[in-house]
Amino acid sequence: MTARLRDYGLQSERLLWPTKGPSKFEEELGVEELEQALGITTLEKAVRWAQTKSMWPDTFGLACCAIEMMSIVGSRYDLARFGMEAFRSSPRQADLLIVSGRVSHKMAAPLRQIYDQMLEPKWVIAMGACASSGGMFNNYAILQGVDRIVPVDIYVPFCPPRPEALMEGIIRLHEAHQAGVPPAYERRQVAT
Amino acid sequence: MSATLSHVGRARRWPFVGEPVYEGSRIPPRVPTVLDVPAELTESDDILQVNFGPNHPSTHGVLRLIVDLDGETVVGISAVVGYLHTGFEKNMEQKTWWKGITYPERIDYVGYQNNELVFVLAIEKMLALEVPEKATWMRMLLCELNRIHSHLVYLGTSALELGAISMFWYCFRERETILDLFELVAGQRMHTRYFQAGGIAEDIPMGFYPEARKFVDRMPVALNDYLTLLDRNKIWLERTQGVGLLSADDAIALGQTGPVLRASGVDWDLRRDSPYLAYEQVDFRVPVYTGGDVYDRYRVRMDEMAESTQIVRQCLDKLERMEGEPWISDDRKVVLPPREELHTSMESLIHHFKIVTEGYRVPAGEVYVAVESPRGESGCYVVSDGGPRPWRVHFRAPSFAALQATATCSQGTLIADLIAIVGSLDAVMGDTDR
Amino acid sequence: MNDFAQIPGYVSAKDEHGETTVVVDRAHVREACTYARDELGFAMLIDVVATDYLDWSAKGVSGYIGTATGRDLNMPMTQGLQASPDAKPSRFSVSYHLLALRQGAPRLRLQTWLEDGQPVDSVISVWPAADWFEREQYDLMGIRFDGHPNLARLLMEEDWEGHPLRKDYPIGGEPVRFSPEE
């Protein structure tokens, strides 16, 4: 089956305007030839490459891991070399949600709201032991792992993870995405 | 409800310094932590209620403020906390004393050594355990380094929120050096779990003293850089001076301690007035300012960084002469024996086994110990039933008390000043919510 | 110590580990706090802590191995469940930690004892700092403070049921499995 542009997250006017029908360009060339003429696999790779090189995180620092996340933006563990120093405060503008810190049940609802407000494609990194599994707090107050409410792509262990460890997680995410692994919401069947 | 404490310092003697910031009390009359919208404005349509939700652009963590705005002026504010409530106190009742030391660090996750210290001091107080001198001085050194670390994080994030974004990178550069020192000593950058009941976990490694000296020589230069960048910057001065006023009487009534109290003209520092560790043997000054605004809190913290550097230097001088001394108490009932002994001594093996599996026991009783953490008075109230686990542990969080002053400080300010005020109170949400 | 006998509602006082604990009657808490603030000069309320002593002396605890005067493994009554801690007057104690801003930083702990369901007078009129401290103890321990203008849950969600720090409230969390066959 030939892949369509929309399969790669690109909207064409076909989707925005369902009843319109093919454009003049497509009528002349034909739909299949158009996509082959554009070299779609290279396009897919190019799109993924662009997405990995500027995956902007959301400011979701909760606890101790947030301090290490701030130090990853610092000059020693420079996150700007990956194009990610622009932490967006608005989830509408963010691609990556780094859940850094322990998530209490009271905070779980805002976390899910923030996740829902993000636009596809979006990724989640569970930073630290508390976000991955509840960490050392196996009690009434802490959500035992943030993957109970949002689908997680990468889990970064330690308490708190060294900035290099978080960077390892981020780079693995980049490599996974570049290789074609879909974001977690497609794999884990969690409602987006 | 009387909010003016007329008995407190009308003669303005020590610990009060200077003139009151304002006369009377500005604590809201109905509920001290909630600023109510004035009656004449409640019927008007111009009040906009904005939710500074738990996730917001500033770097304070998960604090939620419900703010009523009349234009840009704040006319009503109330804070909702609890988004980071972790149940530390209940969790610590399940763990032995030794294993429980990992928990307090994560409460105030920026000044973590101080929380460890206060819990360990409480255990030692109940056990009447003697701590070797080397451990005391090393604890003091690490706590002062942690104070510098905490104030650097405060300065970086506060300046970031007010728009002076490059301060963030400068402060975090120095912070990385401090974390390197922690890693050199304890193996872990944050949450070091280095303090134990009886001393410190391991001996001070080789190479620590030269590295620490390099830092101590570098720090005054860095502080000078920060002062140059900020202190004569007109925008910084205009945004911080005269904003968020809190008088000394109100600060005492609201239970403020630490830099917030010292910036309001109260000369009170637990390190000097109720010394713990070896603070009576080091020379340091306590900075006190009388303006009670955001700028003075900033100046208090900057001066405290300079004083902490001096304390670290004095600790290094003292510690370098204590090479080879014990770093932890030799009471085997409480302290793990050195690993080499486990091969040869049956008693050591048994002690090790008992301490790790069952835990050492602390006599029944209740104590309250307080230290001067970077945020103020951080205290630990422990009730022991004589067993291997605490019966009740409660941490007095300075950030919890500091956030109670939000309503008083932010009367009639603009919303942009609200960010400056909450930043200057330096509240860490882990500390607030525990 | 002599001053403390004048506190309204005074029941007893003790000096332990260098700290003074004065127990006052539940009905006179507000007067005692006002007296402590005005007459004794304890200007700052540091903390309000509630402790739940449910089952405190129900089960024995092995006597502690170390004492302040000396440590002796051969001391009798240190093996086995023989030494149980002394009984407490009631289930809950509420401790007010006070600090005087004077030379020497004198501290005082005012303590009052109450049963489940009994309220305590709020000291918010004495020290406004008591606002959130009392709310937190209400939230986590279920102790009601009469006269508090805004006694709502602070740390837990508004519709949370139960008071988590009580001894009969479970620790919660999830059971940990150490092997996949369980």
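This is a predicted model: local features need pLDDT of at least 70, side-chain atom pairs count only at pLDDT 80 or more; totals for chains, interfaces and linings use all residues.
## A walk through chains C, B and A

Zoom in on S3(C) and its neighbour, strand S4 (residues 92-99) of chain C. Eight bridges join S3(C) and S4(C), and the pairing is antiparallel. To pick out one of the paired positions, select C:Val48, whose bridge partner in S4(C) is C:Tyr96.

Move to chain B and look for an open sheet of three strands, in the order S1-S2-S3 with antiparallel pairing. Its edge strands are strand S1 (47-52) and strand S3 (73-80) of chain B, each pairing on one side only. From one strand to the next, the twist averages 20°.

Select strand S2 (residues 64-70) of chain B together with S3(B): the two run antiparallel and are joined by seven bridges. Show B:Arg64 and you will find B:Val80 as its bridge partner in S3(B). One step along, B:Leu65 has B:Ala79 as its bridge partner in S3(B). S2(B) and S3(B) form a hairpin with two residues between them, and B:Gly71 in the turn has a positive phi of about 75°.

**Two domains in chain B**

Next, colour chain B by domain: domain 1 covers 81-129 + 345-396, and domain 2 covers 130-330. Their centres, taken over C-alpha atoms, are 23 Å apart. Where they meet, 25 residues of domain 1 of chain B are in contact with 27 residues of domain 2 of chain B.

H4(B) gives the most, with ten residues. Coloured by class, this side of domain 1 shows 13 nonpolar, five polar and seven charged residues.

**Helices of chain B**

At 1.5 Å a residue, the twelve residues of H14(B) should span 16 Å, and the end C-alpha atoms are 16 Å apart, so the two agree. Past the end of H14(B), look at B:Gly359, which has a positive phi, near 95°.

Now show helix H5 (residues 133-162) and helix H17 (residues 415-425) of chain B, whose axes lie 9 Å apart at an angle of about 180°. H5(B) and H17(B) are therefore roughly antiparallel to each other. For the contact, select B:Thr157, B:Ser158, B:Glu161 and B:Leu162 in H5(B), which meet B:Ile419, B:Ala420, B:Gly423 and B:Ser424 in H17(B). By class, these are three nonpolar, four polar and one charged.

**Where the chains meet**

Bring chain C back beside chain B. Their contact takes 56 residues from chain B and 42 residues from chain C. On the chain B side, S7(B) gives the largest share, four residues. The classes on that side are 28 nonpolar, 15 polar and 13 charged residues.

Then select chains A and C: five residues of chain A are in contact with seven residues of chain C. The chain A side has one nonpolar, three polar and one charged residues.

**Last stop: chain A**

Finish with helix H5 (residues 64-73) and helix H8 (residues 163-179) of chain A, whose axes come within 9 Å and cross at roughly 75°. H5(A) and H8(A) are therefore roughly perpendicular to each other. Show A:Glu68, A:Met69, A:Ser71 and A:Ile72 of H5(A) with A:Pro163, A:Leu166 and A:Met167 of H8(A) to see the contact. It divides into five nonpolar, one polar and one charged residues.

Terms used: Residues are numbered from 1 along each chain as its sequence is written. Chains are lettered from A and ligands numbered from 1 in the order in which they are written. Two strands pair if DSSP finds at least two bridges between them. Axes are lines fitted to C-alpha atoms, for helices over the stretch in contact, and angles run from 0 to 180 degrees between N-to-C directions. Domain bounds come from an automatic or database domain assignment. Two residues are in contact if their C-beta atoms, placed from the backbone, lie within 7 Å. Ala, Val, Leu, Ile, Met, Phe, Trp, Tyr, Cys and Pro count as nonpolar, Asp, Glu, Lys and Arg as charged, and the others, Gly among them, as polar. The expected span of a helix is 1.5 Å times one less than its number of residues. Angles under 35 degrees count as roughly parallel, over 145 as roughly antiparallel, 65 to 115 as roughly perpendicular and the rest as oblique.
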